[in-house]
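Here is my note for your reading of this model. Please keep the structure open as you go through the points.

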Amino acid sequence: MSSNNNSKRDYYEVLGLQKGASKEDIKAAYRKLALQYHPDRNKEPGAEEKFKEISEAYAVLSDDEKRKRYDAYGHVGAEEAFRGSEANFEEVFRDIGGFGGFRDIFEQFFGAGRVGGGGGAGDFFGFGGFGGGGGRRRGRDLVYDMELTLEDVLRGKKEEIEVPRLERCDECGGSGAAPGTKPRRCSVCNGRGQTQRVYTQNRFSTFVSVEPCRTCQGRGEVIDRPCGSCKGTGKTRKMKKLKIEVPPGVEDGMAMQMRGEGEASPDTGIPGDLVVRIHVRPSPQYERLEDGHLLYNHDVRFTDLALGTELKIPTLDGTEKLKIPQGTQPDALMRVKGKGLPRYGRPGRGDLLVKLHVKVPTKLSDRQKALLKELDRELDHNNQ
């Protein structure tokens, strides 16, 4: 740090702040100026010195002890407290919220984050969370519940849906002000959207209360003539048509994320996502098992199992013949290969498992009773 304290600008002035600025205001001001003057981005003469100046100011004002001494003594007499105070850009941005220093913050501010394209088939993920990620403030995510049958799961499904969502008002362009006018900066909060109250108990303790500005409701702007279409909100509700393509093999509880198809942020205009939740309707015929397998329960006669037969089994693709060997036992599981459901994310299909249940007749004629009794005697004789 230079020893010529008389030539130094006031640190609050360097960051464009008032003396009572909060820590969040200091961070926001530094981040904005650091991005503007960082030598990796700004090659103009004097940019590097400007960057060092604002970094030094931030390093002092962001440290409670150093800031207290600076507020009390200014540059003079506080040289030891400020020694080594030039801020490290990477560390400061990690502290603010970046994960990889300048590169991540730069990407978040200028084109990365979760700014989505949308309109395609989307990305599937297990239900339980709708993604994450940092970046500029996005609009609200929307949720659409979609019901599928097992036939839809087998073949996939394409559907056009209509989603109600808030979008920027066409009449005012999202400003909320009537055409020909524009919002003005709130004079109470000076456009910050929040106000501060400083309470001093004694010379050693000062409390700062920060709350949304009551005049502008935290927007930082005041609209004198609201737009007649959106009533000053800057947003109107519209129906958006979207084409959804659900791939085969999806499971109940999965969700599809369509990036950029949610509501637009009133501050940045960046849209959120549309989350399509999948609900597979239970089938009256089949029970869905793991790995794409299906279970089908089929009633047969005792004679079908004893003598053997050929059954016609309904599948999702049509009717299949199933041969039952002689002497098959009740509740046996027979397998129809490849007639289950597709395995999501993997090749191939599961099998259709057929469980055979013996159907016992409740009413018999005299002749049928006589035949069964004769068969019973024959079986007893053979087992002796």
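1. Helix α3 covers residues 47-61, which is 15 residues. It reaches 21 Å from first C-alpha to last, close to the 21 Å expected at 1.5 Å a residue. Helices (H or I, at least four residues) and strands (E, at least two) are DSSP runs numbered from the N terminus. The expected span is 1.5 Å times one less than the number of residues.

2. This is a predicted model: local features need pLDDT of at least 70, side-chain atom pairs count only at pLDDT 80 or more, and totals for chains, interfaces and linings use all residues. Residues are numbered from 1 along each chain as its sequence is written, and side-chain values use heavy atoms, with hydrogens and water left out.

3. Is α3 enclosed or open? It is largely enclosed by the rest of the structure, because 11 of its 15 residues are buried. Buried means under 20% relative accessible area, exposed over 50%, and partly exposed in between (1.4 Å probe, protein chains only). Among the buried residues are F51, I54 and Y58.

4. In α2, the buried residues include I26, Y30 and L33.

5. The largest nonpolar core has 35 residues. Such a core is a set of buried Ala, Val, Leu, Ile, Met, Phe, Trp, Tyr and Cys residues joined through side-chain atoms within 4.5 Å. Strand β10 (residues 274-280) gives the most to this core, with 4 residues. Apart from it lies another core of 18 residues, among them L33, F51 and Y58.

6. R184 is found in strand β4. R184 counts as partly exposed because its relative accessibility is 39%.
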